[in-house]
Amino acid sequence: YLLGGLFVILLLCLIYIFLMRFLVGVIVWLTIFLVFGLLIFGIGWSYAKYKELNDEPMTATTLLESFTYQKKTYLALGIILLIIFLILLVVVIFLRKRIQIAIELIKEASRAISNMWFALLFPIVTFVLLVLVIVWFVAVALWLQSAGDRVYVFDHEVD
């Protein structure tokens, strides 16, 4: 299963690199907007949980559960997510041109990779060689460990 999964992941990565050649702008901006959407969802969820909880203490069995029953936890989470959202929004607004340059660099890199397919095999070859060295190390360690103490056996009696 492991090797099959490895080849499936490799195939998906090759498809992703091929798609990046044509859809890099869409993928980058979609990723940025999805991060913003996730942050907005987190802010809204934290606010809803903050409004839902009462100020009265609840019984909890673990320390982690005690945090989930406190209003302050969701208030702090909402504020932290809002600060992250605002910082990222300001960064994206002021770095639009740099993001466009990065998109062009990614397009060019995907063109270069599509011309050098064997460059993608280099990490796989390195991984296989590393696994072989680890297997060799374990085999030698087991061989040395199994050596134990010397045992002398005599087949006949000495007169």
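**Close-up views of a predicted helical chain**

View 1. Residues 24 or more positions apart account for 74% of the contacts in the chain with a separation of 6 or more, where contact means heavy atoms within 4.5 Å. The chain holds five helices and zero strands, and from the N terminus on its elements run α-α-α-α-α; helices (H or I, at least four residues) and strands (E, at least two) are DSSP runs, numbered from the N terminus. Of the 159 residues, 13% count as buried, a term that means under 20% relative accessible area, with exposed used for over 50% and partly exposed for values in between (1.4 Å probe, protein chains only). Because the model is predicted, local features need pLDDT of at least 70 and side-chain atom pairs count only at pLDDT 80 or more, while totals for chains, interfaces and linings use all residues. Residues are numbered from 1 along each chain as its sequence is written, and side-chain values use heavy atoms, with hydrogens and water left out.

**View 2. Helix H1 packs against helix H3.** The axes of H1 and H3 are 8 Å apart and meet at an angle of about 155°, with axes taken as lines fitted to C-alpha atoms, for helices over the stretch in contact, and angles running from 0 to 180 degrees between N-to-C directions. The two helices are therefore roughly antiparallel, since angles over 145 degrees count as such, whereas those under 35 count as roughly parallel, 65 to 115 as roughly perpendicular and the rest as oblique. The crossing of H1 and H3 is left-handed, which is the name used if the near helix is turned anticlockwise from the far one by less than a right angle, and right-handed if clockwise. Among the residues that meet here are Phe36, Leu39 and Ile43 in H1 and Leu81, Phe85 and Leu88 in H3.

**View 3. Trp45 and Tyr74 form an aromatic pair.** A search of the whole structure finds three aromatic pairs. In the pair of Trp45 and Tyr74, the centres are 5.6 Å apart and the planes stand at 80°, an edge-to-face arrangement. Rings of Phe, Tyr and Trp (its six-membered ring) pair if their centres lie within 6.5 Å, and planes under 30 degrees apart count as stacked, over 60 as edge-to-face and the rest as tilted. The pair links distant parts of the chain, with Trp45 in H1 (residues 2-52) and Tyr74 in H3 (residues 71-94), 29 residues apart. Trp45 counts as partly exposed at 40% relative accessibility, whereas Tyr74 is buried at 8%.

**View 4. Ser46 lies in helix H1.** Ser46 has a relative accessible area of 0% and is therefore buried. Leaving aside neighbours within four places in sequence, Ser46 is in contact with Tyr74, Leu77, Gly78 and Leu81.

**View 5. Helix H1 also packs against helix H4 (residues 96-115).** The axes of H1 and H4 lie 8 Å apart, at an angle of about 155°, which makes H1 roughly antiparallel to H4. H1 passes H4 in a right-handed crossing. The residues that meet include Val24, Gly25 and Val28 in H1 and Ile103, Ile106 and Ser110 in H4. Phe22, which lies in H1, counts as exposed at 54% relative accessibility; Phe22 and Ser110 are 88 residues apart in sequence and 9.2 Å apart in space, C-alpha to C-alpha.
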